[in-house]
There are 2 protein chains.
Amino acid sequence: MKATAVAPSNIAFVKYWGKINDELTLPANSSISMNLAQLHTTTTVDFSDDYAEDLVEIQFFNEPLERVQGSKKQRVVDQLNRLRKLANTHMRARVRSINNFPAESGIASSASAFAALTTAASAALQLKVNTRELSILTRLGGSGSATRSIENGYVEWKKSDKSSKSYAVQLAPHNHWDLTDVILIVSTQSKKTSSLEGHGAAASSPFYQARLAELPARLKIIRKAILDKNITTLGIELEKEAISLHVAAMTSVPAILYWESSTISAIKDLYSLRESGIEAYFTMDAGPNVHVICETKNAHLVSDHFKKKAYVQSLFISRAGEGAKIIPNHLF
Amino acid sequence: MKATAVAPSNIAFVKYWGKINDELTLPANSSISMNLAQLHTTTTVDFSDDYAEDLVEIQFFNEPLERVQGSKKQRVVDQLNRLRKLANTHMRARVRSINNFPAESGIASSASAFAALTTAASAALQLKVNTRELSILTRLGGSGSATRSIENGYVEWKKSDKSSKSYAVQLAPHNHWDLTDVILIVSTQSKKTSSLEGHGAAASSPFYQARLAELPARLKIIRKAILDKNITTLGIELEKEAISLHVAAMTSVPAILYWESSTISAIKDLYSLRESGIEAYFTMDAGPNVHVICETKNAHLVSDHFKKKAYVQSLFISRAGEGAKIIPNHLF
C-alpha cells in the first residue's frame, strides 16, 4: 500500500481565476498550461494499519524535511480522506513530499504537490482510475492548477458546471514543441493576499465579466498557436492574458496589486530584448514574478539578458515536460 | 489688442480617456478635476496689423525663452485662427507663454497652456464670451483637459455629443476644501505613446466599455465626496479610477504600459504611509508619475515621506486653485 509519484509544476498560458463552485473547485473559465519538466514534487504515500494517525512531511530544496501541522496538514488529510472513501479503507498514511525547488522561491508548489499526492495515493490504494478521473480527483483537492499537472505536455483544463466534466485534456505532448520558461524571481515576499482569497474576490472586479467574455476567443488562439508552433501568436496572446489576469486582480474589491517595481523592470527589459529581435514573451501568475516564454533555442540568450539584472533574485529554467507519473520501486 | 492670462494645470479625479469626436474634441465621458494653484502658465497674446506672421515663444522654468516651430506652433496658430474667425480679423499675433514648472518635469503643460492661450487671445480680441463659452473654445483647441482649467476650483467637464453642451462647470470653489496634490515625478522620459495616440487607442481595449459603464456611478460618488469634503470616500474612488484608466491603456491595441518600476514603488510606499494612519491617496494621469492627494494639513508629512526616496526625481506641491483669469496691466 505504498507508491511514489512525481508531478510537474506548470505555467498557465490562459489563467484560472475565479470559481463557480468553491467546494468542487469548478473554475469560471477553461485554462491552458505547459508542464515544467525541471520543477517538480516527488511524493511517496504509504498506507498502513500500523499508523495511528496521518503524518505529512514536506521538504524543499536545500532545507530539512519538515513535519507539517495545522491547515497545511489538513488540506493533505482532506485529500487522503477523499481517496480513502473511494477505496473503502480507514488506514492512516505517511506522506513524504520532496520539492526540487526552494520554498521561498516564488514558485507555487501546490500544483505539483497536489498532483503528486493524488497520483501516489491513488496508486497506493490501488484505485482503478484513468488519467481523466485522476485529474478530477486532483481538482477536488482544492488546488485547481494541479488538475493540469496530471496530463502530459500542453494541457487544457475544461470548465464545466458538472464535476465529472471539468478535467484536464492534452492539447499536445511535451515534445511537440520545445518551449522553455525562464522564470525570473523578482520578489520572494509572501503574498499579502493568497490565491484562494484572490479567486474569491475575482467576481467583484467591474472588469471580470469582460475578461470572461474575451476568453473563448483567446483559448482558441492559444490552442491553435500551440498546434501550429507559432511563437509570435502565442506570445502576443500570452501577454494580453497575463495583463488581463492582473487587471481583474487590481480592480477587485479589495484591490490586489501583485506587481512589484521589479515586475515592471522585468517587463520593460523584456520589451528591450524583443526589440533586439529575440522572440520572448512574458506571462505572470497571481504574484510579482515574471515567466519569460521562448523557444528553447533562445533560452540561454534570454537567461543571459536577465541573470545580471540586480532585481532578479533568482532564475529558474524549465522546458516543457510530462505530466504526473508513478515511479516504480522508488526508495526512501 | 493685447492681453495676459494665467491658467492653472489641473489633476483629474475622473479621467478623460477617449473621444467620440476627434475634430470637436468631444470626450467619451465626463471628467472631474482640481485646479492646481502652484502650477500654471502665464500667456500674453498681442495682435497687431504690424505683424507679418504669428510668432510663438514658450518658456519653462529655469530655461531660456524658445521660439517654437512645426506642429507645436501649428496647434497654437490653429487656435488663434479659430478665435480670429470669431472676431472677424486677420491680424497676426505674438504669443509668449511662460510655465512656472520645468519642461521635462513630467507635468503636462497642455492644460494650462491652452487655457491661458484661449483666455488671453479672447480678451485681446475683445470677444464677448462667458466662462462657459470660453471653456468650449478652449476645448476646441484640442487639449481636452484644458477645458477644465477655465473654471475655478473643483470642476466637471460635461460630455455631450453636441459641441455647445460639452463645457466645464464648477462643482465647488477652490477654497471650499483645502486639498493638496503632492506630485512625485518618478520618470522624466518622454512618453513612447502620446496622449493623443492613447485617446485614439482607448476604444480598442476589451475593457473600455466596462470602464465607461462604471463612470456614471463614479462621477456621482466623487461629486458628493467633494461637496461633503470626505477624503476617505474621495481617495478610495480616486485610486479605483486611476487603475481603471491604466487598465484601459495597458489593454488597448497597441498596449500602453505607462507605469515604470518607480510608479509601483511609489504606490507601495503610499500604502505603507496609509497604514501609519495618514489619509493620502494616489492618482495618475496617462504617464508614469504619481499624484498623491491629501488634505493640506497632511501635505508636509506626505512630502517628507517621499522626498527622501531614491526613485523620486523631483517633487511638486500644489493646493487647489482658481481657474484661468486675465491679469490686468501685465508687463513684459
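Two residues are in contact here when heavy atoms lie within 4.5 Å of each other. The model is a predicted one, and the points below should be read as comments on a prediction.

1. Helices H2 and H3 of chain A. With contact defined as above, A:Phe114, A:Ala115, A:Thr118, A:Thr119 and A:Ser122 of H2(A) meet A:Leu134, A:Leu137 and A:Thr138 of H3(A). By class, this contact holds 4 nonpolar and 4 polar residues, with no charged ones. H2 of chain A covers residues 110-124 and H3 of chain A covers residues 131-140; their axes are 9 Å apart and the packing angle is about 120°. Angles of 65 to 115 degrees count as roughly perpendicular and those over 145 as roughly antiparallel, so H2(A) and H3(A) are classed as oblique to each other. The crossing of H2(A) with H3(A) is right-handed.

2. Helices H5 and H6 of chain B. H5 of chain B (residues 208-228) packs on H6(B) at an angle of about 160°, with the two axes 10 Å apart. H5(B) is therefore roughly antiparallel to H6(B). Their crossing is left-handed. On the H5(B) side the contact includes B:Tyr208, B:Arg211, B:Glu214, B:Leu215 and B:Arg218, and on the H6(B) side B:Glu237, B:Lys240 and B:Glu241 are among the residues taking part. Divided by class, the residues of this contact are 9 nonpolar, 2 polar and 6 charged.

3. The four-stranded sheet of chain A. Which strands form it, and in what order? The sheet is open, its 4 strands run in the order S11-S12-S10-S13 of chain A, and the pairing is antiparallel. S11 (280-283) and S13 (314-319) of chain A are the edge strands, each pairing on one side only. From one strand to the next the twist averages 25°. S10 of chain A (residues 179-185) pairs with S13(A) over 6 bridges, in the antiparallel sense. Within that pairing, A:Val182 has A:Ile317 of S13(A) as its bridge partner.

4. H6 of chain A (residues 231-250) lies across S10, S11 and S12 of chain A. H6(A) runs at about 25° to S11(A).

5. Strand S8 of chain A and its neighbours. Do the residues of S8(A) count as buried or exposed? In S8 of chain A (residues 154-157), A:Tyr154 and A:Glu156 point one way, A:Val155 and A:Trp157 point the other way, and all are buried. S4 of chain A (residues 31-48) is joined to S8(A) by 4 bridges and runs antiparallel. A:Glu156 of S8(A) is the bridge partner of A:Ile32. S8(A) also pairs with S9 of chain A (residues 168-172), in the antiparallel sense and over 4 bridges. In this second pairing, A:Val155 stands opposite A:Gln170 of S9(A).

6. A buried asparagine in a loop. A:Asn298 sits in the loop between S12 (290-295) and H8 (299-307) of chain A. The relative accessible area of A:Asn298 is 14%. Buried means under 20%, so A:Asn298 counts as buried. Leaving aside residues up to four places away in sequence, A:Asn298 touches A:Ile278 and A:Glu279.

7. Backbone features to check. Most residues other than glycine have a negative phi, and most peptide bonds are trans. In chain A, the peptide bond from A:Val253 to A:Pro254 is cis, with omega near 0°. A:Pro254 is placed in the loop between H6 and H7 (261-275) of chain A. In chain B, a cis peptide bond joins B:Val253 and B:Pro254, with omega about 0°. B:Pro254 is placed in the loop between H6 (231-250) and H7 (261-275) of chain B.

8. Positive phi values. A:Asn88 has a phi near 55°, which is positive in a residue other than glycine. The loop that holds A:Asn88 is between H1 (70-87) and S7 (92-99) of chain A. A:Asn88 counts as exposed because its relative accessibility is 70%. In chain B, the phi of B:Asn88 is near 55°, and B:Asn88 lies in the loop between H1 (70-87) and S7 (92-99) of that chain. B:Asn88 is exposed, at a relative accessible area of 70%.

Notes: Residues numbered from 1 in each chain as written. Chains lettered and ligands numbered in written order. Predicted model: local features only at pLDDT ≥ 70, side-chain atom pairs only at ≥ 80, totals over all residues. Heavy atoms only, no water. Helix = DSSP H or I, 4+ residues; strand = E, 2+ residues; numbered from the N terminus. Buried < 20%, exposed > 50% of the residue type's maximum accessible area, 1.4 Å probe, protein only. Axes fitted to C-alpha atoms, helices over the stretch in contact; angles between N-to-C directions. Parallel < 35°, antiparallel > 145°, perpendicular 65-115°, else oblique. Left-handed = near helix turned anticlockwise from the far one by under 90°. Nonpolar A, V, L, I, M, F, W, Y, C, P; charged D, E, K, R; others polar. Pairing = 2+ DSSP bridges.
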